[in-house]
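Good morning, and thank you for coming. I shall present one structure today, and I ask you to keep the view open while I speak.

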Amino acid sequence: MDRSLYEKIIGDIRRKGDITPEQLEIILTDEDGENEEILFENARRVAETVFGREIYLRGLIEFSSFCKNDCYYCGIRRSNKNASRYRLREDEILACCDSGARLGFKTFVLQSGEDPSFSDEDICRIARRIKEAHPDCALTLSIGEKSRESYEAYYKAGADRYLLRHETANEGHYARLHPDSLSCKNRRRCLYDLRDIGYQVGCGIMVGSPGQTMDNIYEDIEFMRRLGPHMIGIGPFIPHRDTPFADEAMGSVSITLRLLAILRLLFPDVLLPATTALGTADGRGREKGILAGANVLMPNLSPPDVRSKYLLYDGKICTGEEAAECIRCLEKRIESIGYRISGSRGDHPDRSGNK
Ligand code: SF4
């Protein structure tokens with residue numbers, strides 16, 4: 001596409017904070033690599049205005065690989081008999097936070113499958129213990145769909161943030177990715193409950209998931225505008241060999257990067273991770289993500305001996321190293337592109353360090 005026309009479209013989106021379906025399609029399908037750089041540069045400038053050249057870190061603790069659900073794309077779905085399952089004990093979770101705090105982390109993300117063996121009381125007790133031990137740190141939960149009452153209890157116990165990818169805002173597409181026991185409607189209900197309770201909320205999608213159309217991506221953007229998330233997690237779909245989607249094609253890294261940049265233009269102050277999936281699909285994916293407007297990285301703080309068991313997709317990176325090694329590697333990577341790691345909790349700009 002003609003460069004000046006492309007620049008006009010990007011300027012339009014940036015100025016209005018809005019995008020039309022036609023503009024989305026043009027940007028995601030344009031074949032001119034030089035135009036892509038115009039998009040990324042604009043996204044970088046927006047991110048820099050809000051966050052400077054600082055990248056926030058979230059220490060990820062994957063504490064259980066058991067899940068009662070059977071999402072078709074997921075390597076730890078309950079029907080995958082080849083998955084090795086593990087659960088961390090409460091003290092092990094606390095120890096992960098302690099070592100993360102020693103490394104300078106100010107946010108812990110507790111993530112798991114939907115594992116019924118952790119009751120609400122267990123989650124609340126763990127949240128309280130983490131906040132007592134590390135009152136200066138933010139606690140994020142990513143443990144799936146729950147009732148409003150459960151979300152309220154976790155919030156009261158100290159959880160600050162909650163990640164729950166909506167996966168797709170289109171009901172038909174949702175049904176292509178999930179069994180009948182899960183619904184788009186309930187997923188949305190969870191996200192609105194979380195937001196109303198006061199959490200900093202993260203939603204997100206996989207780019208290139210089976211059956212995804214351009215219209216679906218536009219619906220996702222519209223949904224995000226209605227929800228007003230504080231974080232948006234997107235990464236390319238990567239198939240897992242023991243799922244019904246084993247033979248599906250991987251999502252495109254280039255489209256993921258372009259969508260990251262578009263989200264940065266539309267949501268200037270949203271927290272936008274350069275995801276592990278992006279780093280798995282492309283050796284420099286996380287650096288490229290930051291250069292397309294992302295401002296968050298989520299290194300793994302789980303004990304190295306369990307990491308290779310939390311395989312949501314094939315080939316996942318960073319499953320062997322110690323957390324300290326991961327940090328050194330990430331530090332070098334982001335310094336090589338002119339950014340630095342922030343020492344702060346990295347709250348959404350709307351929030352001032354506390355809920
Ligand atoms: S995507 Fe989440 S809810 Fe679905 S099977 Fe995997 S861990 Fe469970």
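Let me begin with an open sheet of 3 strands, ordered S8-S1-S9, in which the pairing is parallel. Strands here are DSSP runs of E with at least two residues, helices are runs of H or I with at least four residues, and both are numbered from the N terminus. Two strands count as paired if DSSP finds at least two bridges between them. Strand S8 (296-297) and strand S9 (340-341) are at the edges, each with a single partner strand, so one side of each has no neighbour in the sheet. Strand S1 (residues 54-57) runs parallel to S9 and is joined to S9 by 2 bridges. Ile55 has Ile341 in S9 as its bridge partner.

A word on the source: this is a predicted model, in which local features need pLDDT of at least 70, side-chain atom pairs count only at pLDDT 80 or more, and totals for chains, interfaces and linings use all residues. Residues are numbered from 1 along each chain as its sequence is written.

S2 pairs with strand S3 (residues 107-112) in the parallel sense over 5 bridges, and Gly59 stands opposite Phe108 in S3.

Now the chain as a whole. It has 14 helices and 9 strands. Its radius of gyration, taken over C-alpha atoms, is 19 Å.

Finally, which angle do the axes of helices H5 and H6 make where they cross? The axes of H5 (residues 120-133) and H6 (residues 148-157) cross at roughly 20° and come within 8 Å. Axes are lines fitted to C-alpha atoms, for helices over the stretch in contact, with angles from 0 to 180 degrees between N-to-C directions. H5 is therefore roughly parallel to H6, a description used for angles under 35 degrees.

Definitions and conventions:
Parallel < 35°, antiparallel > 145°, perpendicular 65-115°, else oblique. Rg over C-alpha atoms; globule rule 2.2 N^0.38 Å.
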